[in-house]
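Keep the sequence at hand while reading.

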Amino acid sequence: MTAVAATETRFAQTWSRPPFIKRRGLRWTLYGGALVYLITAISSVEVNWVRVWEGLDRGLRFIKGFLVPDFTSRWGDIVIGMQESLTMTVTSTVVGVAISVPIGIGAARNIAPLPVYAVCRAIVALSRSFQEIIVAILFVVMFGFGPFAGFLTLSFATIGFLAKLLAEDIEDIDESQAEAIRATGAGWWQIVNYGIQPQVMPRLIGLSLYRLDINFRESSVIGIVGAGGIGATLNTAMDRYEYDSAAAILMLIIVIVMAAEYLSGFVRKWVQ
Amino acid sequence: MLRLNDLTKVYATGDRALSGVTFTVEPGQVVGLIGPSGAGKSTLIRCVNRLIEPTSGQVFLGDIDVTKLSRRGLRQVRRRIGMIFQEYALVERLTVMENVLSGRLGYVGFWRSFFRRFPPEAVEKAYRLLDRVGLSDQVDKRADALSGGQRQRVGIARALEQDPDLLLVDEPTASLDPKTSRQIMRLIVEICDESGLPAIINIHDVALAQQFVRRIIGLQAGVVVFDGNPADLDAEVLTRIYGEEDWSATIRKADDEESGDAGDDVLPKTSDPVSEVIDRERLAGLT
């Protein structure tokens, strides 16, 4: 017995996970440096406490306005703004998706030839590099105030968003399914229709609905720079210190966004 | 029917998957291709229909040199070559019928296939094939709602919908249980025998290969190291293909299964109506 026990190897009874950064010195330098930077960064932020105090008062009035939202006195403006925003949202999403699909297919490296890929990726990069507000300002300058500029802005933004995500989804497909279709002697369009489309369709629908959602929210933002819609109405109400009307508008926006969210969740589950 | 001449594939990474593979498959002949993982089995059958481009050598299907074909010519040859895949490779979100009809894509135009308006004879053939593989009642189900054995039957029907002159079968049983594996192998071999269809079947299960095919080609690091009768697979040959190992159990297992399965899972004896019925039942997608 003892002879057997003596020959047994003794194993350690403690174990700890190897650290993310192996070198001890480097580890403490990085962590310490990050902490020092955080502290100095926070302390360098200048806060005007008088201004904060005054702002609190204004914020209180705003919250009070929220408690008694006024739907009636600006109801006409609100309806027109909402109509513009919803029209902008739906049309820009439809147009944006219609343009995104071919660009997304072209931007997928596994099915598109290199020149097509390069062009489509460039379009996507261009569309993604500008924030909606900047694009909106540009279109407002080009086409004047109003929802047409908003429609163009949102369509343009949709292309960058949807084409990129669609392309990535196409690059992630199960290649064997497409290979099986290719092996039957199918043409390129048939491979896309039979081997790829069924695999990406649920996500394409989900993303389109999500983009509808985003476009509605964006439509209320770009209105502030003159691209029409409910944002313009909201901006006017704020400028006039009509916080009760502004609160009514914000509440309507929240209700519509929540409804869109619920609906798109339902549809996404259904198309899986 | 199919002649490979000095077929070589070197991947861009420098890996030499196939080196001077030469053999001929006669009409109606079912060939089992065995070899260790990475021996080039999948590469070999994909070089036949150029899903993978061979680096050099020729592939003759009848008189046509497949390696010389243009894109259009290649599509026309591909529709004559049916392919059955490991893990089935069905389009999961399409119905069983769409999967089977996709075997017809090489013959119909884009818009016809887009609107799923296939010619009546293609649809009729699809129904007949689904009946043959025992899935008549699953036509409208989505492919991902089926079990593994059922999916592979759909895969078989899709390949046959092409009216192929040659079947390429890539590890048809890799993800199936032993019993379903045997049913699927039997179905493939039976169908090939019925219509005199030649086939190359990649298979890593030696016992299964011995049980169902009459010619075996052994591939080792891209080189053909054995070509002959399954009965000639002995410990020496298996060592040549796979490397040093104790092969006694493998060889004996093949024999055991042959005899042990007799009442249960082997081809029905010609004059045994009961087991024939049972087997028909099994084929009808009970797996």
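Which helix of chain B has the lowest mean pLDDT among the elements of that chain, and which has the highest?

## Confidence in the model

The structure is a predicted model. Among the elements of chain B, the lowest mean pLDDT, 42, belongs to helix α11 (residues 273-283) of chain B, and the highest, 95, to helix α3 (residues 96-101) of chain B. Over chain B the mean pLDDT is 85, with 87% of its residues at 70 or more. For the complex, the predictor reports an ipTM of 0.82 and a pTM of 0.80.

Where pLDDT is low, predicted coordinates should not be read in detail.

## Cysteines

Cys47(B) has a relative accessible area of 0%, so it is buried. Cys192(B) is also buried, because its relative accessibility is 0%.

## Salt bridges in chain A

There are 24 salt bridges over all chains. One of them joins Asp169(A) and Arg203(A), with 3.5 Å between the closest N and O atoms. This pair links distant parts of the chain: Asp169(A) lies in helix α7 (residues 147-171) of chain A and Arg203(A) in helix α9 (residues 188-222) of chain A, 34 residues apart. Asp169(A) counts as buried because its relative accessible area is 15%, under the 20% cut-off. Arg203(A), at 39% relative accessibility, is partly exposed.

Chain A also has a network of salt bridges, which links Arg74(A), Asp77(A) and Glu242(A).

## Salt bridges in chain B

Glu171(B) and Lys41(B) form a salt bridge whose closest N and O atoms are 3.9 Å apart. The partners are 130 residues apart: Glu171(B) is in the loop between β7 (166-170) and α7 (178-195) of chain B, while Lys41(B) is in helix α1 (residues 41-48) of chain B. Both Glu171(B) and Lys41(B) are buried.

A further salt bridge connects Asp165(B) with Arg80(B), and here the closest N and O atoms are 2.7 Å apart. Asp165(B) sits in the loop between α6 (148-161) and β7 of chain B, and Arg80(B) in the loop between α2 (71-78) and β6 (81-84) of chain B, 85 residues apart. Asp165(B) is partly exposed at 30% relative accessibility, and Arg80(B) is partly exposed at 22%.

Technical notes:
Residues are numbered from 1 along each chain as its sequence is written. Chains are lettered from A and ligands numbered from 1 in the order in which they are written. This is a predicted model: local features need pLDDT of at least 70, side-chain atom pairs count only at pLDDT 80 or more; totals for chains, interfaces and linings use all residues. Side-chain values use heavy atoms; hydrogens and water are left out. pLDDT is the predictor's confidence in each residue, from 0 to 100. Helices (H or I, at least four residues) and strands (E, at least two) are DSSP runs, numbered from the N terminus. Buried means under 20% relative accessible area, exposed over 50%, partly exposed in between (1.4 Å probe, protein chains only). A salt bridge is a side-chain nitrogen of Lys or Arg within 4 Å of a carboxyl oxygen of Asp or Glu.
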